[in-house]
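Have a look at the model first.

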Amino acid sequence: MLKRFSIALFLFLGFFLWPAQAKETATAPTAAHVNLIVVDATINPAVADFIRENINRSAQEGAQALIIELDTPGGLLNSTKSIVKDILGAPLPVIVYVSPSGAGAGSAGVFITMSGHIAAMAPGTTIGAAHPVASGGQDIEGDMREKIDNFTASFSETIAQRRGRNVEWAEKAVRESVSVTEVEALQKKVIDLVATDVQDLLRKAEDRKVEIGNTKTTLNFKDLRAADGTVPVVTLEMRLKHKVLNILADPNIAYLLMMAGILGLYLEFSHPGTIFPGLAGVICLLLALTAFQVLPINYTGLLLILLGIGFLIAELFLPSFGILGVGGIVAFVLGSLFLFDTPESELAVDRSIILTAALSVSAFMLFVGTLAVRTWRQKPASGGEGLIGEVGEVRVRLAPRGKVWLHGEYWNAESDEDVEVGQKVRVVSRDHMVLRVRKIAR
């Protein structure tokens, strides 16, 4: 069965991975065009790799420009620095467009937007609030706060200076968490233009001068325009690898996968041989570990979660009168709160998920563990051990050996005292095929 499952899994992954690669190769455009990618998620390593890959791809295909349609609440500082570095060093014009209406470029999105050769926003969008915070949304305390603030502010100012944008506002976006609409952003020279859609964006970007490397270049899309005046725009989708990593990079998903993995393995170890819980648990745990490779986790939080689970298991075997159980739940909750608590991240597990998971995991483990302990301590109901304590009737006088009738069978038996036929005896032990019995007082 396991072999069949492995083959099916291999074929399933092959079905999705291979056609995706073939589709990209087969549909690669050859005519002059503009490429477009959509980033509608938190900024994480998957998004950074997606942007880097499509900057290189667009340059290789001869695209006239790459448009990044952006809508993000923020994300990881390391991933943001990687994206900014790729955009500043891009071999073709990169246009960052905060869109559609209602979208925003928050926190990390501010740096990405300002790093574009052309920075644009759609009507009804916002940009700003780039002040770094801890994972729970609270301010970073102590010396670390000053270090992070100073670095992030200088990072923002450097990008603004490089692109000739409002340096003073860039600093305020970090230090004072200011946020502005597209109208204010245009007035303050935070962005270059406001456009209603992609075609309007390309029309307004026409003839603007941008710096590619150390060379000044004028944007020219006139030769690309069709008879109706539109510029051909090719939308590039995320590959399966990026889609999976983007999903796993959500701390809520990563946390739930870890919980599912722990519960699956616990169920397998408490009921050996069930196979499916263990198999599912291993897969979930591997996916969670994959997410932890791209998310900044706090190892103290992870150790607290494991310690809490250890306490919950120990509660089943040690007479602690609930102390270990309570301690396990407290350690589990604290570990969950601290799991992504790092100064370089604005990511956090939703508090309602932590509360639900803590109560559910604790209740489940205590329930399953209690059943397992009861099963281990339960008196055997069959086999030789199952005869201990049973009551039989003497059919051949015990003096000290004789025979008793028990469970519809005759058994050789012996006793420390003579027992007459018809009297009841209780089995106290068994030696091979001979039962050791004791007379029951009438």
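Which helix does Pro45 lie in? Pro45 sits in helix α2, residues 45-61, where helices are DSSP runs of H or I, at least four residues, numbered from the N terminus. This is a predicted model, where local features need pLDDT of at least 70, side-chain atom pairs count only at pLDDT 80 or more, and totals for chains, interfaces and linings use all residues. Residues are numbered from 1 along each chain as its sequence is written, and side-chain values use heavy atoms, with hydrogens and water left out.

Pro45 is partly exposed at 27% relative accessible area (buried is under 20%, exposed over 50%, partly exposed in between, with a 1.4 Å probe and protein chains only). Setting aside neighbours within four places in sequence, Pro45 touches Leu76, Ser79 and Val294, contact meaning heavy atoms within 4.5 Å. Pro45 and Ala249 are 204 residues apart in sequence, yet 8.0 Å apart in space, C-alpha to C-alpha.

## α3 against α4

The axes of α3 (residues 77-88) and α4 (residues 108-115) come within 9 Å and cross at roughly 5 degrees. That makes the two helices roughly parallel (angles under 35 degrees). On the α3 side, the contact uses Thr80, Ile83, Val84, Ile87 and Leu88, while α4 brings Ala108, Phe111, Ile112 and Ser115.

## The two sides of α13

In α13, Gly325, Gly328, Ala331, Phe332, Gly335 and Ser336 are buried. Seen down the axis, the buried residues fall within an arc of 130 degrees, so they line one face of the helix; the arc is taken from directions from the helix axis to the C-beta atoms. Turned away from that buried side are the exposed Ile323 and Val326.

Key. Axes fitted to C-alpha atoms, helices over the stretch in contact; angles between N-to-C directions. Parallel < 35°, antiparallel > 145°, perpendicular 65-115°, else oblique.
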